[in-house]
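These notebook entries record what I looked up in one protein structure. I kept each entry brief and gave each term its cut-off where I used it.

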Amino acid sequence: MLTSLFREGSSSVELTSILICTLTSILLGFVIALTHKKTSHYNKDFLITLTVLPILVQVVMIMVNGNLGTSVAIAGAFSLIRFRSVPGTSKEILSVFFAMSIGIATGMGHILFAAIITIITSFVIYILSNTKLFFKNSQEKILKIAVPENLDYTTMFNEVFEKFTKNYVLEQAKTTNMGSLFDLSYRIILKDAINEKEFIDELRIRNGNLKVVLSHPIEGNDM
């Protein structure tokens, strides 16, 4: 049932088979792009990339056609592309790997297999992205505070945190402004129904009315 369109061991590929694989790659790439659009933040260029990527990987697979030396050269080329690219979110990396995997399948002539895997994987991604199974605590926030260098930041906010938060962790402390300030980054879980303005005001009293930023964690990125 999952046999390849290409003859095993043959050095030539029929034009009809190539066209069928190419059309399938376009269709499945579009499905992958649509899945990413429905489940994550996106831009038009990235969706175009996901749509076209299976076609390009398919071309590579057809050209390699079992040649070990060519396979090694192609692997090196893909490595260069990977290291020259801008790091993305985990969801973007997943979508790119998804598109490349489908391109490999269509490039080997396994059309039905590629279609089945695309449907199943897209369904799983959509379901997991639209359920609360892996959602973070809705009260979790990122807190960034600027502190003068002459203040001991290790304990100066403890009283405020105990009053307004269920849990807090200092994740980063770095100097800025020629060493005259510390930028502190906390991951906190706020208590239910707290007054965020009152929380920020009490922090500003202790840090000399310098910068205080309270925000939601950015999806897909670490602090």
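**Entry 1: Asn-177**

I looked up Asn-177 and found it exposed, with a relative accessible area of 53%. Exposed means over 50% relative accessible area, buried under 20%, and partly exposed in between, with a 1.4 Å probe and protein chains only. I noted that the model is predicted, that local features need pLDDT of at least 70 and side-chain atom pairs pLDDT 80 or more, and that totals for chains, interfaces and linings use all residues. I also noted that residues are numbered from 1 along each chain as its sequence is written, and that side-chain values use heavy atoms, with hydrogens and water left out.

Asn-177 lies in the loop between β2 and β3. Its phi is positive, about 55°, although Asn-177 is not a glycine.

**Entry 2: The strands on either side**

Two strands count as paired if DSSP finds at least two bridges between them. The hairpin of β2 and β3 has four residues between the strands.

Asn-209 sits in the loop between α7 (196-206) and β4 (212-215).

**Entry 3: The whole chain**

I recorded seven helices and four strands in the protein. Helices (H or I, at least four residues) and strands (E, at least two) are DSSP runs numbered from the N terminus. Along the sequence the pattern reads α-α-α-α-α-β-α-β-β-α-β. Of the 223 residues, 32% are buried. Among contacts with a separation of 6 or more, 72% are between residues 24 or more positions apart; contact means heavy atoms within 4.5 Å.

Two packed helices are described by the angle and the distance between their axes. Axes are lines fitted to C-alpha atoms, for helices over the stretch in contact, and angles run from 0 to 180 degrees between N-to-C directions.

At what angle do the axes of α4 and α5 cross? The axes of α4 (residues 90-107) and α5 (residues 111-129) cross at roughly 165° and come within 8 Å. By the cut-offs, angles under 35 degrees are roughly parallel, over 145 roughly antiparallel, 65 to 115 roughly perpendicular, and the rest oblique. Residues in the contact include Leu-94 and Phe-98 of α4 and Phe-113 and Ile-117 of α5. I recorded nine nonpolar, five polar and one charged residue in this contact. Nonpolar covers Ala, Val, Leu, Ile, Met, Phe, Trp, Tyr, Cys and Pro; charged covers Asp, Glu, Lys and Arg; the others, Gly among them, are polar.

**Entry 4: Helices α1 and α5**

The axes of α1 (residues 15-39) and α5 come within 10 Å and cross at roughly 5°. The two helices, α1 and α5, are therefore roughly parallel to each other. Residues in the contact include Ile-20 and Leu-28 of α1 and Ala-115 and Tyr-126 of α5. The contact of α1 with α5 holds 10 nonpolar, six polar and one charged residue.

**Entry 5: Leu-56**

Is Leu-56 buried or exposed? Leu-56 counts as exposed, at 51% relative accessibility. I located Leu-56 in helix α2 (residues 44-64). Its C-alpha atom is separated by 9.0 Å from that of Ser-25, 31 residues apart along the chain.
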